[in-house]
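Have the viewer open as you read.

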Amino acid sequence: MDNNILTGIIIDKAIKIHQKLGPGLFESIYEEVIDYELKKEGLKCLRQVVLPVKYDDLILKAGYRIDLLIEDKIIVELKSIETVKSIHKKQLLTYLKLSSLKVGLLINFNVVLLKHGIIRISNWLYFSFSSSVHSVRDLFGLVCMYYFYGTLYFLTGFTEGRESS
């Protein structure tokens, strides 16, 4: 299944949960409920996946834990905090780099409207230029975003899901 479709399903379920339960619960509650909802949809959903850290020949098995790994493609980090800070975004980007995955969602349930608590992050290092850059405009946009931000944070997956020409 395409990453854009998967993230759409995840976001739809998160919104449904937020509408029913509201903000302010513990992160673990949202994690269990979204796991339940995604499995009802027939999606493979793993909770608290250990993510080892590799440094040269050293592998630290007690590295990090991914809140949710959906279909072995999408990392979902859940929060129930007052404000998402840049460190939370960087944490998800680090998880993407360590796992060699392309897309992650950071979902903060402690907001009035959940759309204000959803951040999609793409790991630009793993985009294939042959399949994601189809014009000079695409390449220019990619270079400008990297130049100004250092990493690419996408609210929409404009480089994914395109057919090769």
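This is a predicted model: local features need pLDDT of at least 70, side-chain atom pairs count only at pLDDT 80 or more; totals for chains, interfaces and linings use all residues.

**Two helices crossing**

With those cut-offs in hand, look at helix α1 (residues 3-21) and helix α2 (residues 27-40): their axes come within 10 Å and cross at roughly 130°. The two helices are therefore oblique to each other. As for handedness, the crossing of α1 and α2 is right-handed.

Who makes the contact? On the α1 side you'll find Ile9, Ile10, Lys13, Ala14, Lys16, Ile17 and Leu21, and α2 answers with Ile29, Tyr30, Val33, Ile34, Glu37, Leu38 and Lys40. Sort the residues of this α1 and α2 contact by type and you get 10 nonpolar, four charged and no polar.

**The overall layout**

Zooming out, the protein's secondary structure consists of five helices and five strands. Going along the sequence, they come in the pattern α-α-β-β-β-α-β-β-α-α. The protein has 165 residues, and 39% of them count as buried. If you take contacts in the protein between residues at least 6 apart in sequence, 60% of those join residues at least 24 apart.

The largest nonpolar core has 21 residues, and the ones touching the most other members are Ile10, Ile34, Ile70, Val76, Ile107 and Phe109. Two or more residues each come from α1, α2, β2 (58-70), β3 (74-79) and β4 (103-108). Helix α1 supplies the largest share of this core, with four residues.

Not counting residues up to four places away in sequence, isoleucine 70 touches Leu6, Ile10, Leu38, Leu43, Lys44, Cys45 and Val76. Apart from that core there's another one, of 13 residues, including Val49, Ile66, Leu101 and Ile119.

| Residue | Element | Relative accessible area |
|---|---|---|
| Isoleucine 66 | strand β2 | 2% |
| Aspartate 35 | helix α2 | 8% |
| Serine 122 | strand β5 (residues 118-122) | 1% |

Buried means under 20% relative accessible area. Isoleucine 66, at 2%, is therefore buried. Aspartate 35 has 8%, so this residue is buried as well. Serine 122 counts as buried because its relative accessibility is 1%.

What does isoleucine 66 touch, leaving aside its neighbours within four places in sequence? The list for isoleucine 66 is Arg47, Gln48, Val49, Leu51, Ile75, Glu77 and Tyr95. Another pair to look at is isoleucine 66 and leucine 78, which sit 12 residues apart in sequence and 9.4 Å apart in space, C-alpha to C-alpha.

For aspartate 35, again leaving aside neighbours within four places in sequence, the contacts are Cys45, Arg47 and Leu68.

Methods: Residues are numbered from 1 along each chain as its sequence is written. Side-chain values use heavy atoms; hydrogens and water are left out. Axes are lines fitted to C-alpha atoms, for helices over the stretch in contact, and angles run from 0 to 180 degrees between N-to-C directions. Angles under 35 degrees count as roughly parallel, over 145 as roughly antiparallel, 65 to 115 as roughly perpendicular and the rest as oblique. A crossing is left-handed if the near helix is turned anticlockwise from the far one by less than a right angle, and right-handed if clockwise. Contact means heavy atoms within 4.5 Å. Ala, Val, Leu, Ile, Met, Phe, Trp, Tyr, Cys and Pro count as nonpolar, Asp, Glu, Lys and Arg as charged, and the others, Gly among them, as polar. A nonpolar core is a set of buried Ala, Val, Leu, Ile, Met, Phe, Trp, Tyr and Cys residues joined through side-chain atoms within 4.5 Å. Buried means under 20% relative accessible area, exposed over 50%, partly exposed in between (1.4 Å probe, protein chains only).
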